[in-house]
Every structure is written in structure tokens, then in C-alpha cells.
Amino acid sequence: MKYETCDICKGDIEHHADNETGRVYWKHGHNAQPILDGQCCDVCQEYVLHLRLKQLQLDTNKTFDRNITIKSMANRIVARRRQETKERLQHA
Ligand SMILES: [Zn+2]
């Protein structure tokens, strides 16, 4: 079965299958906002959730320039995740 690509790390999006029947019910990934517009894998999803939490925290603290801060954090996450994928493929 073909895998879709995670827009954050550029790796494969894992298929979720039913434990008993083995039937795949999930292969399109998760919403990658606010990191970027697109879909992401399970591992990147943790970073997405973390950034959403940060976004909520920043909403209550208006002294932050929210757009710049969230955007720069998102860029850093994307760069790190793509680097990790590259290293994983080199060692495979
Ligand atoms: Zn990913």
C-alpha cells in the first residue's frame, strides 16, 4: 500500500490499522497547522500539539509578537524534523 508524505518531515505517514482485522482506516495524517498548511505523520503531530499549546499560552500574554514567535518556532521544528528524516534514510 502506498504511503502519503508528511509535509513537515517529508517522511512517510504511518497507516493506522485495526488490530484485529488489519484493515487500514487512517492514512491521510493529521492537520499540520499551525506549523504549516498540510498533513503530518504521528511523530510530527506531537510537535503540532505542542505548538498549539504554546499558541494558547501566547494568546494570554499580549507582550509577545505572536505571529513571529509561532512562525519562527514552526520553522525551527520543520528544519529539525527534515534533518532527522534525512539522517534516518542515510542510516537505513
Ligand atoms: Zn512527519
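**Figure 1. Overall fold of the predicted protein.** The secondary structure comprises 2 helices and 4 strands, arranged along the sequence in the pattern β-β-β-β-α-α. Along the principal axes, the C-alpha atoms fill a box of roughly 50 × 30 × 20 Å. Of the 92 residues, 17% count as buried. Among contacts with a separation of 6 or more, 46% are made by residues 24 or more positions apart.

**Figure 2. Confidence of the prediction.** The mean pLDDT of the protein is 90, and 91% of the residues score at least 70. Among the elements, strand β2 (residues 24-26) has the lowest mean pLDDT, 86, whereas β4 has the highest, 97. Where pLDDT is low, the predicted coordinates should not be read in detail.

**Figure 3. Helix α1 and its two faces.** Helix α1 covers residues 42-59, 18 residues in total. From its first C-alpha to its last the helix reaches 26 Å, close to the 26 Å expected at 1.5 Å a residue. Which residues of α1 are buried? They are Cys44, Tyr47 and Val48. Seen down the axis of α1, these buried residues fall within an arc of 105°, so they line one face of the helix. An α-helix has 3.6 residues a turn, so residues three or four places apart point the same way. The face of α1 turned away from the buried side carries the exposed residues Glu46, Leu49, Leu53, Leu56 and Gln57.

**Figure 4. The largest nonpolar core.** This core has 13 residues. Those with the most contacts inside it are Cys6, Ile8, Ile35, Cys40 and Cys44. Helices α1 and α2 (66-91) each supply at least two residues of the core. The largest share, 3 residues, comes from α1.

**Figure 5. Surroundings of cysteine 6.** Cysteine 6 is found in the segment before β1 (16-17). Is cysteine 6 buried or exposed? Cysteine 6 counts as buried because it has 25 C-beta neighbours inside 10 Å, and the cut-off for burial is 20 or more. Leaving aside neighbours within four places in sequence, cysteine 6 is in contact with Gly11, Ile13, Gly29, Gln39, Cys40, Cys41 and Cys44. One of these partners, cysteine 40, is 34 residues away along the chain, yet the C-alpha atoms of cysteine 6 and cysteine 40 are separated by 4.3 Å. Cysteine 6 and Cys40 are also among the residues with the most contacts inside the largest nonpolar core.

**Figure 6. Glycine 11 and its contacts.** Glycine 11 lies in the segment before β1. With 20 C-beta neighbours inside 10 Å, glycine 11 counts as buried. Not counting residues up to four places away in sequence, glycine 11 touches Cys6, Cys41 and Thr85. Valine 78 is 67 residues from glycine 11 along the chain, and the C-alpha atoms of the two residues are separated by 12 Å.

Figure 7. Most residues other than glycine have a negative phi, and most peptide bonds are trans. Lysine 10, although not a glycine, has a positive phi of about 65°. Lysine 10 is found in the segment before β1 and counts as partly exposed, with 14 C-beta neighbours inside 10 Å. What is the form of the peptide bond from glutamine 33 to proline 34? That bond is cis, with omega near 5°. Proline 34 has its place in the loop between β3 (30-31) and β4 (39-40).

**Figure 8. Threonine 60 in the loop between the helices.** Threonine 60 lies in the loop between α1 and α2. Threonine 60 is exposed, with 7 other C-beta atoms within 10 Å; the cut-off for an exposed residue is 12 or fewer. Threonine 60 and isoleucine 35 are 25 residues apart in sequence, and their C-alpha atoms are 20 Å apart in space. Isoleucine 35 is listed among the residues with the most contacts inside the largest nonpolar core.

How values were computed:
Residues numbered from 1 in each chain as written. Predicted model: local features only at pLDDT ≥ 70, side-chain atom pairs only at ≥ 80, totals over all residues. Contact = placed C-beta atoms within 7 Å. Expected span 1.5 Å × (residues − 1). Arc of directions from axis to C-beta. pLDDT = per-residue confidence, 0-100. Core = buried A, V, L, I, M, F, W, Y, C linked by C-beta atoms within 7 Å.
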